[in-house]
Every structure is written in structure tokens, then in C-alpha cells.
Amino acid sequence: MQKIKTVLGTCAAMALTAGVAMAGPAEDKLILNEEIEMVTVTTAPDHMSDAMDTIYSGWHFRGVETRAMQSDDFDNPGMIAVEQAEDAWNTVDGSEGKSCASCHDGSDSMAGVKPVYPKWSEAAGEVRTLEHQINDCRENRMGAEKWKYTGGTMQGMVALIASVSRGMPVNVAIDGPAQSMWEQGKELYYTRTGQLELSCANCHEDNYGMMIRADHLSQGQINGFPVYRLKNTKLNSVHARFKGCVRDTRAETYKPGGQEFIALELYVTSRGNGLSVEGPSIRN
């Protein structure tokens, strides 16, 4: 068994080094709707200084056409879900006779929310993702049913909340009561898993900029989530993407919305502190 693992690990290492071509991030600027210049490349946050000097949005690692699609809301298919979520925002649901707007007025009142999630919730005594907070509001304030964590309705609402913060810098807190969860996420990021014995860092820190198969490895920044993927033509959640990556290492994956992925999301989000919120973005 150890011999098999060694062979698989060697094959994985070869796949990420030998036989791959280098293709650095595109030198381009993302200007949204010809109005908002997004920060897609900046100095790495202090807690990342031992790993890299500069951080890049995944937008820099996509093709010309994909980058162009994201620059205009009329061309961004993820904005359809945002429009649908705007309707849901104003729709009364649940036993309390409330909508999101009943408490928060217009959706633009959510500007500044997405950049700081995941975050420590004093009321709940835990780190929460935006999806958890949405479902808490639905269940405990509206008396409505929870939405599926990675479902389209939920991701549309997350995309709506992200869209009103586009251009604002990601700025999640990693100290205080959130620190232990952040450290757990960091450990997960650097831990090799699965038959291929790969960690998040093997692809997104050690080998970003490489072409592997037909894909261009990015730094794995998640400032653009929810992401509309051309591959499956829908909005994708952060945890669904984590699940896919873990699965690709041929490991047992974690549950979306579970503590492991919450910790990993907090850590990975912090790696992009300073980049602009882009969601909904477009990726392969």
C-alpha cells in the first residue's frame, strides 16, 4: 500500500512539474462596467509574506474572452441569478410575514458585508459564513425554511450581497476569537490528502502560473465567489469548489457548511485580503 501511495505521489508531483508549461498571470486591468477599477493584484497581506510577495485574483489566469465577459454586467451570466435574488430579497416568506427588505431595506444596504465574511458571530459564539447568516435570518427572523447551502437560490442571494460590495477590499479578521478557526484552516490548507497526497498549497502556492492539462493554475483566491463556471453553467459556492478539489486528490471530502470547510474558507479568504470583491465572477 505504501508503495502505491509513493507511486501516486510521484506521479502527482510529475504532473505539477515535469511536462507543464509556465503561463504567468495576464497583464490586464479589470474595470467593471467601464466605471469601477478593481484591485486584482496587490501586495500580499502580512501573514502571507513568508509564502509570496504578490497576490493575484483568479481573473488574471483566465482567457481573454472570459476576462472580458466579467467586465460587463450585461455579458456576465451570473448577474441573472443576482436579478432573481433581488426579487427574493423583496418577497415575503415564512411565518413572520417578513422579507429581507423588511429588516434591511434595499439590497444595497448590504454594501460592506461580503468583504468581512466569514466572521466571528458574538451572538452565535462561532465563526459563520455568509450562507450560515442568511439561513439564520430565514429561520429565526422570517420563520422560513432554510435554503440548501450550495443551492442555486442560496448562491444567488450570496451573489447579490457580493455584487453591492464589488470593488471593496476583502478584509476578514483572523485574530481574536476567530484565530483558532483560522489556524485550523491553515493546517488544512497545507495538509496533503488523498491517494495523490496533494495539499491546496501544492497547486495554488507552489505551482500557480503553470498550465496543467488545459487549465491554468491560479493562486486559488476566492474573492470572486460565488463563481459562474463555464464548465457547469451555474453559480458555484466556495464549499462546492473545495469539495471538488478535495475529491480530485482522491480523498474523502468534507461536508459543505461543516466546520472543516468553514475554517478553510476563513483561511483562504484571508490570503486574498486586499483584493477587490468581484462576485459574481466568471471562471472556467
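Accessible areas come from the Shrake-Rupley method with a 1.4 Å probe, and for residues only the protein chains shown count as cover. By that method the protein exposes about 14100 Å², of which carbon and sulfur atoms supply 50%. The structure is a predicted model, in which local features need pLDDT of at least 70 and side-chain atom pairs count only at pLDDT 80 or more, while totals for chains, interfaces and linings use all residues. Residues are numbered from 1 along each chain as its sequence is written, and side-chain values use heavy atoms, with hydrogens and water left out.

**Overall architecture**

- The protein has ten helices and twelve strands; these are DSSP runs numbered from the N terminus, with helices being H or I of at least four residues and strands E of at least two.
- For 284 residues, a compact globule would have a radius of gyration near 19 Å, and the 19 Å of the protein agrees with this. The radius is taken over C-alpha atoms, and the globule rule is 2.2 Å times the number of residues to the power 0.38.
- Taken along the principal axes, the C-alpha atoms fill a box of roughly 60 × 45 × 35 Å.
- Of the 284 residues, 47% are buried (buried means under 20% relative accessible area, exposed over 50%, partly exposed in between, with a 1.4 Å probe and protein chains only).
- Among contacts with a separation of 6 or more, 70% are accounted for by residues 24 or more positions apart; contact means heavy atoms within 4.5 Å.

- Helix α3 (residues 78-89) and helix α6 (residues 152-163) have axes that come within 8 Å and cross at roughly 95°. Axes are lines fitted to C-alpha atoms, for helices over the stretch in contact, and angles run from 0 to 180 degrees between N-to-C directions.
- The helices α3 and α6 are therefore roughly perpendicular to each other (angles under 35 degrees count as roughly parallel, over 145 as roughly antiparallel, 65 to 115 as roughly perpendicular and the rest as oblique).
- On the α3 side, Ala81, Val82, Ala85, Glu86, Ala88 and Trp89 meet Gly156, Met157, Ala159, Leu160 and Ser163 of α6. The residues of this contact of α3 with α6 comprise eight nonpolar, two polar and one charged; Ala, Val, Leu, Ile, Met, Phe, Trp, Tyr, Cys and Pro count as nonpolar, Asp, Glu, Lys and Arg as charged, and the others, Gly among them, as polar.
- Helix α5 (residues 130-140) packs with α6 at an angle of about 110°, their axes lying 10 Å apart, which makes α5 roughly perpendicular to α6.
- Leu130, Glu131, Ile134 and Asn135 of α5 meet Met154, Gln155, Met157, Val158 and Ile161 of α6, a set that divides into six nonpolar, two polar and one charged.

**Packing of α7 against α10**

- The axes of helix α7 (residues 179-190) and helix α10 (residues 259-271) come within 7 Å and cross at roughly 90°, so α7 and α10 are roughly perpendicular to each other.
- Residues of this contact include Trp182 and Tyr189 of α7 and Leu266 and Tyr267 of α10. The contact of α7 with α10 divides into eleven nonpolar, four polar and three charged residues.

**Individual residues**

- Glu83 is found in helix α3 and counts as exposed because its relative accessibility is 55%. Glu83 and Leu160 are 77 residues apart in sequence and 7.7 Å apart in space, C-alpha to C-alpha.
- Asn76 is found in the loop between α2 (64-70) and α3, and its relative accessibility of 3% means that Asn76 counts as buried.
- Leaving aside neighbours within four places in sequence, Asn76 is in contact with Met69, Gln70, Pro280 and Ile282.
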